[in-house]
Amino acid sequence: MPKFRKTAETFTSGVKALPQKYFVSPEIFAAERERIFADQWLCVGHQSQLGKAGDYWVMSVADESLIILRDRQGEVRGFYNTCRHRGTQLCEGKAGQFHKIIQCPYHAWTYGLDGRLLGAPHMEKVKGFSKGDYPLHSIRVSIWEGFIFVNLAKKAAPLERVFAPLAGKFSNWNLPQLRSARHIQYDVRANWKLIFENYSECYHCPLVHPALSKLTSYDSAENDLCEGPFLGGFMPITKGNSLTVSGNACALPLGNIKAEDHRRVFYYSIFPNMLLSLHPDYVMVHQLWPQSPDQVYISCDWFFHPDAFDRADFHADDAIEFWDMTNRQDWHVCELSQQGIRSRAYQPGPYSPRESIPAAWDREYLRALKC
């Protein structure tokens, strides 16, 4: 028996799932928004999705509208979507490109892509007014392995320090160079924590995922990150050579993956909103965006080697269709869990030794929530 299973038994002995209030309480949800989603580094996308200067997208984080863009020097920046004049939202659309400037649609205050106020009609008549005093409110932005992270906290540890345990861990996949072939957003009627807990174990796989179980054994996980904000490990591919509908690789191999890793799939949760799944030929990334105690939006992207797209042997749909099916199976059982947890009869049940990672995720969650 692998050593990690003995550790798993220790981690789950006597440990139970979270009480009902953590899945249904509006007060808990409000605390999560402030203490976790407005205080932690959050994945918002990949640098390849801002291909050139002026490219931007608008998104909601912790109930705040943000603009994420690439400036004219090639730097990725983030700003609150709020004019410094009277607070009007600057951008209504979800994505696009700025032509050199950002202009408020109300009174035409105009900003550079670096956030500086460039123009403010008639304000020169206001005594003491200086454009230098009114740049857009910026947010902290940092890049990790090509993925863009933001942090809304007034004081935040640098991303490099927070992510130090992951330094170099995924460099063989060349994540910064990858490109997304498809983006799907799911609207799931379940608490966001149920998604993490479901992702972190394969105890459910034989019943819920028959196609997945044919390609990888549900009890074969070997976890190397078992405590803290980063959790997970790998599962061997036991049939075929990738997790696809056909069971075949669907694209060029990624990066400089070690020989043994061509027969493995790696699954890591990166607290609090990223799920990173690394296959030999593609990477799948989920972002979780809680909307209420019983609703979460899940954004999913499939990333491939940039040289794969123009090749005849590129079959992205082979992977995307496989995981879209598997995702929907997961979302369905998470919704069933949410419905059952709402019952007055619900009481937290004990975790099994195969659920050591969900148990560890719960501990990290409670630590972050300061409970």
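**Exercise 1.** Which strands does helix α9 (residues 356-369) lie across, and at about what angle does the helix run to β13?

Solution. The model is predicted: local features need pLDDT of at least 70 and side-chain atom pairs count only at pLDDT 80 or more, while totals for chains, interfaces and linings use all residues. Residues are numbered from 1 along each chain as its sequence is written, and side-chain values use heavy atoms, with hydrogens and water left out. Helices (H or I, at least four residues) and strands (E, at least two) are DSSP runs, numbered from the N terminus. Helix α9 lies across β12, β13 (230-236) and β14. Its direction makes about 165° with that of β13; axes are lines fitted to C-alpha atoms, for helices over the stretch in contact, and angles run from 0 to 180 degrees between N-to-C directions.

**Exercise 2.** Give the strand order of the open seven-stranded sheet and identify its edges.

Solution. Begin with the order, β11-β17-β16-β15-β14-β13-β12, in which pairing is antiparallel. Two strands pair if DSSP finds at least two bridges between them. Next, the edges: β11 (179-188) and β12 (222-225) each have a single partner strand, so one side of each lacks a neighbour in the sheet. From one strand to the next, the twist averages 15°.

**Exercise 3.** Describe the largest nonpolar core and the contacts of Tyr365.

Solution. A nonpolar core is a set of buried Ala, Val, Leu, Ile, Met, Phe, Trp, Tyr and Cys residues joined through side-chain atoms within 4.5 Å. Buried means under 20% relative accessible area, exposed over 50%, partly exposed in between (1.4 Å probe, protein chains only). The largest core has 72 residues, of which Ile68, Leu243, Trp302, Phe304 and Tyr365 touch the most other members. Helix α8 (residues 316-341) supplies the largest share, eight residues. Beyond its neighbours within four places in sequence, Tyr365 contacts residues including Leu18, Tyr22, Trp192 and Phe271. A second, separate core of 26 residues includes Phe230 and Leu278.

**Exercise 4.** Is Gln40 buried or exposed?

Solution. Locate the residue: Gln40 is in the loop between α3 (26-37) and β1 (42-46). Its relative accessible area is 18%, so Gln40 is buried. Apart from neighbours within four places in sequence, its contacts include Arg35, Phe271 and Ala368.

Conventions
Contact means heavy atoms within 4.5 Å.
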